[in-house]
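The sequence and structure come first.

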Amino acid sequence: MVRFKNIPTQKKSPYHSLKNKWVKRHSLIKEQLLTTHRDSLDWLVSNLPAKHHLAAGSLSGLLLLAPQISSPLPVVSTPAKEQVLEVPKKVFLITELSSILPQEVGPLDPGVEKKIAGVLSDELGFGVSAEMQNKRLNTSYGYIGAEQHLTRYPGDTMSTHFQTNNEQLRFEKSGMAPGRGAWGYFAYSQAEMTQRDIDREKYYIAVQTFMSDGYSQRVREYVEFFKFRKMLVVNPQNGKAMIVVIGDAGPAVWTGKHLGGSPEVMGYLERFDGRQRGPVLYFFIDDPEDKIPLGPIEL
Amino acid sequence: MNKHFYSHIAHTESVVVKLHDLQMSEHERLHLISLMDSSLHHVILDAILSELTAADKQIFLKELATDDHEAIWKFLRSKITGIEDKIQYAAEELKKELHEDIEGTK
C-alpha cells in the first residue's frame, strides 16, 4: 500500500489541496503496480490478441490494445528501460477510460463526459471540454467513419496533394472528395497555401455541426464557431490521440456514424470504416493563442 | 457506468459523501471521484496480483478481460484464502488515507 501521509499543504481551496495529493498518490499507486508486476503487465501487453471483442470495462480496453501499443514506442536511441515503462503508462490511461466509458456509443452522461474531460486535461496539461462558448456537438463519443481528402485550393488533385512519396503511397487510395469541404477551399491558390492550410486538411474531421442544439436558429454564429475549430480526438481502445480541426460537416445521420476522419486521421488512430468501425472521443481544446500544433499527440 | 467485479465489497460512498460536504464545483468533485476510483482500481489489482504466482497472474488477467465476474471470483477464491477480506482491507486502507486528506482540508 502506498502511504502518503503528512504531505504539507498550503491553505488552498479544498479541491486544489485534495487534487494535488490525490494526483500524486494516484501516480505512486500506478507506479507501484507497474514496478511490482511488470512482468505480468508486459506479458499482458504482448500476448493478448486485438481481435477479442470484449465488453468495455475493467481491463478489457487494455487487452484490446495489447498488440497495437507496441508500435508507438520510441525505437531509436531509447533505453530499453524507458520503453518498458512507456507501455503501461498508456495502458493505464486506457484502463481508466474504459472504466469510465459506457458500453453504448453515443451521447455521454454529463457526469461521465466531465470525468473524461478531466482525465484528458490532466494527461495533456491543457483544457479539454465537450462544451465551449455555450456550444457543444450532438455527442463527444461517437463512431468515426473514413472521409476522403479535401480539395485545398482550386486545381488541387491527387497528383498535387502529397508532400512525400510515403504519404502518397499510404493515402492516395482514399481519393479526393467531389466538391469542396463545408468551409470552401483551405487556400485561394497553391502559391498562397501555407503549412497551416496543409495541416488543416491533413488533420481534419467532419462533425455533425447541423445536429448541435441551437444550430438552426443561429447558423452563421455556429458556422463561425465550428469552422476550423481545434479538437482532440482519442481512440479510447489504444490511447492514440490527435489534435485536429473541424474541416467539414457530416456525415449524414442515416449512415449511423457520428463523425468522419481524414485518411491521415483514420490511419493514425487505427480506426477503420464499415463493419470494423469503432468509437472515438472528441472534445474541444482550450487553445486561445493557437499554440497547440495539429497532428498526433502523446497521452 | 461499468461495475467492477469488486464493486460490491469495495464501497466508496463514504468518501463521496464527505466530498459533497466540501465547497467545490461539481466538475471538481467529479474529478476527485475519478481519481479515487482509478486509485482504488489499481490498489485492488495490486493487492490481488501480489497474492498470485506468475502463472496465476496471467490466468487472472485473462479472466479479468472477459469481465465475467463469476469466473473471476471462482478463480480468485480457489487461489487466495480470504480474498474478499484482502480486497476489502486494501480498499479500506486507501479510503482511510483519502478521509484523512479530506479532514486535512478543514
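A residue is buried if 20 or more other C-beta atoms lie within 10 Å of its own, exposed if 12 or fewer, and partly exposed in between, with C-beta atoms placed from the backbone. Helices (H or I, at least four residues) and strands (E, at least two) are DSSP runs, numbered from the N terminus. The model is predicted: local features need pLDDT of at least 70, side-chain atom pairs count only at pLDDT 80 or more, and totals for chains, interfaces and linings use all residues. Residues are numbered from 1 along each chain as its sequence is written, while chains are lettered from A and ligands numbered from 1 in the order in which they are written.

Strand β4 of chain A (residues 141–146) is mostly covered, with 5 of its 6 residues buried.

| Partner of β4(A) | Sense | Bridges |
|---|---|---|
| β9(A), residues 278–285 | antiparallel | 4 bridges |
| β8(A), residues 259–261 | parallel | 3 bridges |

A:Tyr141 lies opposite A:Leu281 of β9(A), and A:Ala146 faces A:Gly261 of β8(A).

Chain B has 5 helices and 0 strands. Of its 106 residues, 36% count as buried.

Contact here requires C-beta atoms, placed from the backbone, within 7 Å. By that criterion, 45 residues of chain A touch 40 residues of chain B. On the chain A side, α1(A) gives the most, with 15 residues.

Notes: Contact = placed C-beta atoms within 7 Å. Pairing = 2+ DSSP bridges.
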